[in-house]
Amino acid sequence: MHIYDSVKKTKLPFEPIVPHKASIYVCGPTVYDDAHLGHARSSLSFDLLARTLKALGYEVTMGKNFTDIDDKIIKKVQATGESLEQITTHYINSYKEDMRVLGVGDADIEPKATDSLEAIESMIKGLIDKDIAYVVSSGDVYFDTSKDSNYGTISHQVGEDEDNQSRVEHNSQKRNPKDFALWKACASKDDICFEMSFSNGRPGWHIECSAMIEKHFKGNDKFSIDIHGGGADLLFPHHENEASQSRCATGHELSKYWMHNGFVNINGEKMSKSLGNSFFVKDALKVYDGEILRNYLISVHYRNDFNFNEEDLLNSKKRLDRLYRLKKRVIPTKASKPNIAFQKDVSKAMKDDLNISVALARVEQMISQTNDRLDENPKDKGLKKETLANIEFIDKLLGIGGQEPFSYFQIGIDKQTKTKIEALIEARDSAKKEKDYRKSDTIRDELSSMGIAIMDTANGTVWEKI
RNA sequence: GGAGCCAUCGCCAAGUUGGUAAGGCCGUAGAUUGCAAAUCUGCUAUUCAUCAGUUCGAGUCUGAUUGGCUCCUCCA
């Protein structure tokens, strides 16, 4: 397995801390709103990573946190009158449900900031004791970046000159402009605070992840975890700060490898809350099936930016349709063993920093070849069994192709419509038998206007929702 | 102002260590079909934004130019 390390900026062989085991920690969402396509993409990227590692025989431990204390959540609390817990529970469940529909299961470890306050406190305390962190008069606790000579080695973004045109607000209480808050003291009585030895307040964003990693992962004397992941925007300052805190607190590096996924753009524009063009997973799922969305979102390499648009989505759906049409041809049968060459090729592609394009190209080659062989010999039972095994292999590795193929093509059709469609097909068949092609074509047109495509096969007429 | 990324067929998109351009969609010709659809087969970039350099050889390395984009502020 090779992965691209976005800190070293090169592809590296994956050599985990403990042989055959992989510990991954991904920055999860701040739960004050529904998940958008960007969350989905990040989640999907690391889901593919975990699936690939598992397929290669690694025992994977996936951690993904929920930031459930944050200014925006508090704002929502104040705006809605609901409790912090009500709000965060709601959005955590909403996130999990969306991801489940996209084929991403729960992480093995799902820490919440509110469950990690002790770990946060002890890490901050330790840093204060070493004078790497300091408390200012307001009660805020800052991290002294000048104490870490390696500060900047993660993002390579910290220049020599401190006095650049950075948009970072200059706080006179800070020792250095780049220092960041580990702990924010309560500003008012309405604030949501936790009592700590240094002040009443709440944790800063960066410390949460560091503390949660230390709490849940063992690591060794050099690294806490194997892979730390997240969106490309988190590289700086979030991951830089995380790495620095952990380095100073633990005396070793936080993560052996760093992976960052690219953005989802909508019509070429960055999707962000401030631009107001967020595309929520829930909204997308109203229109498209979860697997179709998944198939689309994983079709572009995880490091590239992803430009979401409907035309490409439909294109990618057509590719998935081909897989399911093949599945229709081989079902019902019992899967045997997947074709070794095929399995090897697909795995090889995924082993190369999750090269999904090459993997999917190989899948399509398999589809074409199998269709060809099935055209020649429609009753090749061995081939059918192997093909089904191939599809099951793909489903396990990529999370696509796992549905029952007939229902895949009939998603969103209710029973009543289904009965009607089947009646029309029956009527058309009898018209065809009587060679009344005008009538049969009229029926086909009627079905077509209902959004139903039909195809005459050796085993009778089948239909699909377009 | 600082840091960095990207530019491959009409569209989407691969292309570690330089060796002579995957795959899909669309289009097109054919097989098949009552006609379609589905399926299969053939065709579809002497060329990788531009210019220069290194090299026997560059989409792949170096430099410059042009055009997109991101981060430096909460952000997946």
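The model is predicted, so local features need pLDDT of at least 70 and side-chain atom pairs count only at pLDDT 80 or more, while totals for chains, interfaces and linings use all residues. Residues are numbered from 1 along each chain as its sequence is written, chains are lettered from A and ligands numbered from 1 in the order in which they are written, and side-chain values use heavy atoms, with hydrogens and water left out.

I turn to empty space. Rolling a probe the size of a water molecule over the atoms shows where such space is left. On a 1 Å grid over the protein atoms alone, a cavity is a set of points where a 1.4 Å probe fits but cannot get out, whereas a pocket is an open set with protein on both sides within 12 Å along at least five of seven lines; lining residues have an atom within 4 Å of a point. Grid points are joined across faces, edges and corners, and a volume is the space filled by probe spheres set on the points.

The largest pocket holds about 1400 Å³ of space. It is lined by 47 residues, of which T30, K72, W205, D233 and L234 are the closest to its centre. Two or more lining residues come from each of α1, α2 (71-80), β7, β9, α5 (205-216), β10 (223-231) and α6; helices (H or I, at least four residues) and strands (E, at least two) are DSSP runs, numbered from the N terminus. The element that gives the most to this lining is α1, with 5 residues. By class, the lining has 17 nonpolar, 19 polar and 11 charged residues. Here Ala, Val, Leu, Ile, Met, Phe, Trp, Tyr, Cys and Pro count as nonpolar, Asp, Glu, Lys and Arg as charged, and the others, Gly among them, as polar.

How many cavities of 30 Å³ or more does a search of the whole structure find? The search finds 3. The largest cavity contains about 120 Å³ of space. Its lining consists of N295, S299, S316, R319, L320, L323, L360, V363, E364, I367 and I400.

Two or more residues come from each of α1 (37-55) and α8 (290-298), and α1 gives the most, with 4. This lining has 8 nonpolar, 2 polar and 1 charged residue.

Next, the charged side chains. Side chains of opposite charge can pair when their charged atoms come close. The structure holds 26 salt bridges, a salt bridge being a side-chain nitrogen of Lys or Arg within 4 Å of a carboxyl oxygen of Asp or Glu.

R202 pairs with D191, with 3.4 Å between the closest N and O atoms. R202 is in strand β9 (residues 200-203) and D191 in the loop between β7 (180-185) and β8 (194-195), 11 residues apart. R202 is buried at 8% relative accessible area, and D191 is buried at 16%; buried means under 20%, exposed over 50%, and partly exposed in between (1.4 Å probe, protein chains only).

R362 and D345 form a salt bridge at 2.7 Å, N to O. This pair links helix α11 to helix α10 (residues 340-351) across 17 residues. R362 is buried, at 15% relative accessibility, whereas D345 is partly exposed, at 34%.

In a further salt bridge, K432 and D456 have their closest N and O atoms 3.0 Å apart. K432 belongs to helix α14 (residues 415-433) and D456 to strand β15 (residues 452-457), 24 residues apart. K432 is partly exposed at 27%, and D456 is partly exposed at 44%.

A network of salt bridges links D131, D144, K147 and R175.

Which side chain of opposite charge is nearest to E242? It is R247, 11 Å away, and E242 is buried yet has no salt bridge; Lys and Arg count as positive and Asp and Glu as negative, while His and the chain ends are not counted. The side chains of E242 and H238 are joined by a polar contact of 2.7 Å. A polar contact is a pair of N or O atoms within 3.5 Å; within protein, one must be able to donate a hydrogen and the other to accept it, and residues adjacent in sequence count only if both atoms are side-chain atoms.
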